[in-house]
Amino acid sequence: MEDWIVILVICGIYLAVTLAMGIIPGMRVSDSVTGFVAGDRSMNLLILYFVMGASVFSSFAFLGGPGWAYSRGAAAFYIIGYGVTGMIPIYFFGPKVRRLGERFGFVTQAEILQDRFNSRTLSVLLAILSIVVFIPYLTLQMKGAGYVITTVSEGAIPQWMGAGIAYLVVLLYVYFSGVMGVGWTNTFQGLFMMALAWFLGLYLPYKLFGGVGAMFTQIAQSPAVSEFMLRAPGLNAEGEPWSWWGFSSAVLVSATGFSVWPHLFMRAFAADSDRTMKLTAVLYPTFQLFLVPILMIGFAAILVYPNVSPADTILPYVLTQLDLPVVLVGLVFAGTLAASMSSGDAILHSAASIGVRDGLSLFLPDRLKTDRLERRYIRILVVIISLLAYYFAVISEVPIVNLLLGSYGGVAQIFPLVFCMFYWQRATGYGALAGLLGGVSVTIFFLLYPGLRPFPMHEGIYGLIVNIPLLAGVSLMTKPESKERIQRYSNA
Amino acid sequence: MRSRKIIFLVLLFIIQLSIIWPVYSLFSGIHPMILGFPLSFAWIVAMLFASFFLLLWYYWSDPARHQTRTSDKAGDH
């Protein structure tokens, strides 16, 4: 049998196992919106740990991570850096969010913020922001999956078909099982990715250089390699030394936005207890640690395979150059698919849930808003969003990467609202609206016109500089929210 | 604010500064290599461990955890 057929069969088995693991758990949750969106608030530590971890690690981590280390060297440490503190806020607000969700029936981020700030406009705004950010994110995951399958099949399966097959599997289990499908598949995919990443990250330096230390010593001594490949903050996208402004602000913005990404935040509603929620935040760095071998894959290729372009293809490139057992290559490709799908499913599920609960439902009359109907709308939206992302992934030529790059800056603007929800009683709905609108507008402005930034900092920082004073100033100028409402949150 | 929380916040602030300018710039070089890793890489991984142990300590030392472990009302207010 030809090698690529063996690899394809392994990917096929992986897809079949994923589908089974995704569909079966959905049969156990209730036939309700809470069942579909928050898994009846029954996720235990094991599942929640993997949902949070595997949702973060997308095909960007598996393809982009090694690509960054390969082309920008130490700049890639930024990806580890923002996870160092990024998940810590979840430890504090996660349990509060969970308890309030249980008491008042919230299942999305916008629902709880809407209630605290007493503003439906805020809910719609957050729904739009989430979906605008999610569609390019999902599109990139689909592209990643299509790319993997095309590479594996040596072109026999075109990209549109590869992306179509992988995401049909995702669509099916998200459609039938909702968040529990996401949960169980992410546990399987997460374990699979971790095992492969550690194996490859340690094996490649050993095979190519005789060890990790030897590898870094040779990179450091090589006259052909800039010393900034190993000296923080590494290189920028143009290949020149990156500034500390750029590195530090990128770490800060990403860390700020990390815990309030709507698809991660809303998993607090799925946790079965406060202990689960807290321990998920405590244990998160053990998942983040798996970026270490991922980056080593990229470093291993610097001296041995120079000038591979684009840098994101370095992992598949290395795999095809080395004389590895075909089963192993198949497993790695399946692992890359897992990375793409474990983020894609969470995003798809969240985008549809948010679109219905925080957008559509606000405009429907009560008789069209029963629990059963809402669940049906979410499922329909799951299909529509899949098709839309698929259109952007394989048909449209719109450059979406830029949109995604800007998304961290936009998402970070939600953080001040979440913080004030619990820790600043005087924050009002108008303040929240003004802060969010101002912050997002400024972020988009500097994303579009980077030349106008006074310092070379991430545009999200400028957004926050405008966001926080607006939130505080407008809040102080407007009437406080009712005592009873505020107390629910400060005593949560 | 309890001293436990103050210690936590101060250490968290130090860790945060250690992964950006200015503190990271002091540990951003290649040498000395630590366990085969350049200093810049080893430092950021060390900070990941530091934040892990910090939050783990904070969780373990939470007085509410011992009082109401089963009732699930434990939490920081």
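Which helix of chain B gives the largest share of the nonpolar patch? Some notes on that and on the rest of the model follow.

1. Ground rules. This is a predicted model, where local features need pLDDT of at least 70 and side-chain atom pairs count only at pLDDT 80 or more, while totals for chains, interfaces and linings use all residues. Residues are numbered from 1 along each chain as its sequence is written, chains are lettered from A and ligands numbered from 1 in the order in which they are written, and side-chain values use heavy atoms, with hydrogens and water left out.

2. The patch. Helix α1 (residues 3-18) of chain B gives the largest share, 5 residues. The members are B:Ile6, B:Ile7, B:Val10, B:Leu11, B:Ile14 and B:Trp57, making about 500 Å² of nonpolar surface. B:Trp57 sits in helix α3 (residues 39-60) of chain B. For patches, residues need over 30% relative accessible area and no salt bridge, with nonpolar side chains (Val, Leu, Ile, Met, Phe, Trp, Tyr) joined within 5 Å and like charges within 9 Å; areas come from the Shrake-Rupley method with a 1.4 Å probe, and for residues only the protein chains shown count as cover. Helices are DSSP runs (H or I, at least four residues), numbered from the N terminus.

3. The A/B interface. Chain A puts 45 residues into the contact and chain B 36 residues (heavy atoms within 4.5 Å). About 3500 Å² is buried between the two chains, 75% of it from carbon and sulfur atoms; buried area is the accessible area (1.4 Å probe) that two parts lose on being put together, summed over both.

4. Charge across the interface. The rule finds 1 salt bridge between chain A and chain B, a side-chain nitrogen of Lys or Arg within 4 Å of a carboxyl oxygen of Asp or Glu. A:Lys278 and B:Asp62 are the partners, at 3.2 Å, N to O. On the chain A side, α14(A) provides the largest share, 10 residues.

5. Inside chain A. Over all chains the structure holds 10 salt bridges. One of them pairs A:Arg485 with A:Asp115, closest N and O atoms 3.6 Å apart. That pair links helix α23 (residues 483-490) to helix α7 (residues 109-117) of chain A, 370 residues apart.

6. Backbone spots to look at. A:Ala232 and A:Pro233 are joined by a cis peptide bond, omega about 0 degrees, with A:Pro233 in the loop between α11 and α12 of chain A. B:His31 to B:Pro32 is also cis, omega near 0 degrees. A:Asp40 has a positive phi, near 55 degrees.

Methods: Helix = DSSP H or I, 4+ residues; strand = E, 2+ residues; numbered from the N terminus.
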